[in-house]
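The following questions and answers concern the structure shown below.

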Amino acid sequence: MALKDTLLRIFTWWSGSTVSLEFYTKRNGQFVGEDELGNRYYRAQGPLIDRSVGSERRWVIYNGYADASKVPPGWRGWLCHATDVAPSEESYVPREWQKPHEENLTGTVAAYRPRGSQLSYGQRPAATGDYVPWVPGE
């Protein structure tokens with residue numbers, strides 16, 4: 001591993017797991033499962049550090065760039081203690097009306113830009129003339 005990669009793993013959290021997270025995971029983490037995007041999920045094996053996190057500590061190690069929108073709904077519910085059973089421990093079949101997971105595209109070229117937005121392509125629509133400014137004293 002190059003010096004740059006080592007320094008990035010020590011000081012940054014957004015481009016993968018840090019060295020301290022890897023160390024904590026090896027010491028205290030119990031692997032729970034992996035989602036279709038390659039994110040790995042863990043729970044703490046030892047005593048609680050903070051009782052405000054619930055009955056157990058749960059976390060995710062992202063596959064690549066750390067973006068919370070990369071966590072599918074089933075795993076999000078498990079991480080937030082909304083469900084006790086992890087998606088890897090149950091036989092869940094999505095309903096036909098449920099859409100597949102799509103990551104947050106804000107800030108990318110594929111972001112939604114409605115008609116009239118300054119960032120959309122093409123010509124902006126002409127003003128309709130229905131705006132009447134406020135004039136003091138009227």
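Predicted model: local features only at pLDDT ≥ 70, side-chain atom pairs only at ≥ 80, totals over all residues.

Q: Which residues does Val32 contact, leaving aside its neighbours within four places in sequence?
A: A contact requires heavy atoms within 4.5 Å. With neighbours within four places in sequence left aside, the partners of Val32 are Tyr41, Tyr42, Arg43, Trp75, Trp78, Ala86, Ser88 and Glu89.

Q: What pattern does the chain follow when read along the sequence?
A: The chain contains three helices and three strands. Taken in sequence, these elements give the pattern α-α-β-β-β-α.

Q: Which strands stand at the edges of the sheet, and why is one side of each left without a neighbour?
A: The sheet is open, with three strands in the order 1-2-3 and antiparallel pairing. Each edge strand has a single partner strand, so one side of each is left without a neighbour in the sheet. The edge strands are strand 1 (29-34) and strand 3 (58-61).

Q: How many bridges pair strand 1 with strand 2?
A: Strand 2 covers residues 40-44 and pairs with strand 1 in the antiparallel sense. Within this pairing, Phe31 stands opposite Tyr42, and Gly29 has Ala44 as its bridge partner. The hairpin of the two strands has five residues between them, and Gly38 takes a positive phi near 95 degrees there. The number of bridges joining strand 1 and strand 2 is five.

Q: Which residues of strand 3 are buried on each of its faces?
A: In a regular strand, side chains alternate between the two faces of the sheet. Both faces of strand 3 are covered.

Q: What angle does the direction of helix 2 make with that of strand 3?
A: Neighbouring strands of the sheet (order 1-2-3) are turned by 30 degrees against each other on average, direction ignored. Helix 2, residues 19-28, packs on this sheet and touches strand 1, strand 2 and strand 3. The angle between the directions of helix 2 and strand 3 is about 130 degrees.

Q: How far apart in sequence are the parts that the pair of Glu22 and Arg40 ties together?
A: The side chains of Glu22 and Arg40 meet in a salt bridge at 4.0 Å, N to O. Glu22 lies in helix 2 and Arg40 in strand 2, so the pair ties together parts that are separated along the chain by 18 residues.

Q: Is Arg43 buried or exposed?
A: Arg43 forms a salt bridge with Glu89, with the closest N and O atoms 3.5 Å apart. The pair links distant parts of the chain, since Arg43 is in strand 2 and Glu89 in the segment after helix 3, 46 residues apart. Glu89 is partly exposed, at a relative accessible area of 46%. Arg43, with 12% relative accessibility, falls under the 20% limit and is buried.

Q: Which residues are linked in a network of salt bridges?
A: By the rule applied here, the chain has four salt bridges. One of them joins the side chains of Arg58 and Glu56 at 2.8 Å, N to O. Arg58 counts as buried at 11% relative accessibility, and Glu56 counts as buried at 16%. The linked residues are Arg43, Glu56, Arg58 and Glu89.

Q: What share of the accessible surface belongs to carbon and sulfur atoms?
A: Of the 138 residues of the chain, 23% count as buried. The accessible surface of the chain comes to about 11000 Å². The share belonging to carbon and sulfur atoms is 56%.

Conventions
Residues numbered from 1 in each chain as written. Heavy atoms only, no water. Pairing = 2+ DSSP bridges. Helix = DSSP H or I, 4+ residues; strand = E, 2+ residues; numbered from the N terminus. Axes fitted to C-alpha atoms, helices over the stretch in contact; angles between N-to-C directions. Buried < 20%, exposed > 50% of the residue type's maximum accessible area, 1.4 Å probe, protein only. Areas by Shrake-Rupley, 256 points an atom, 1.4 Å probe, with all protein chains shown as cover.
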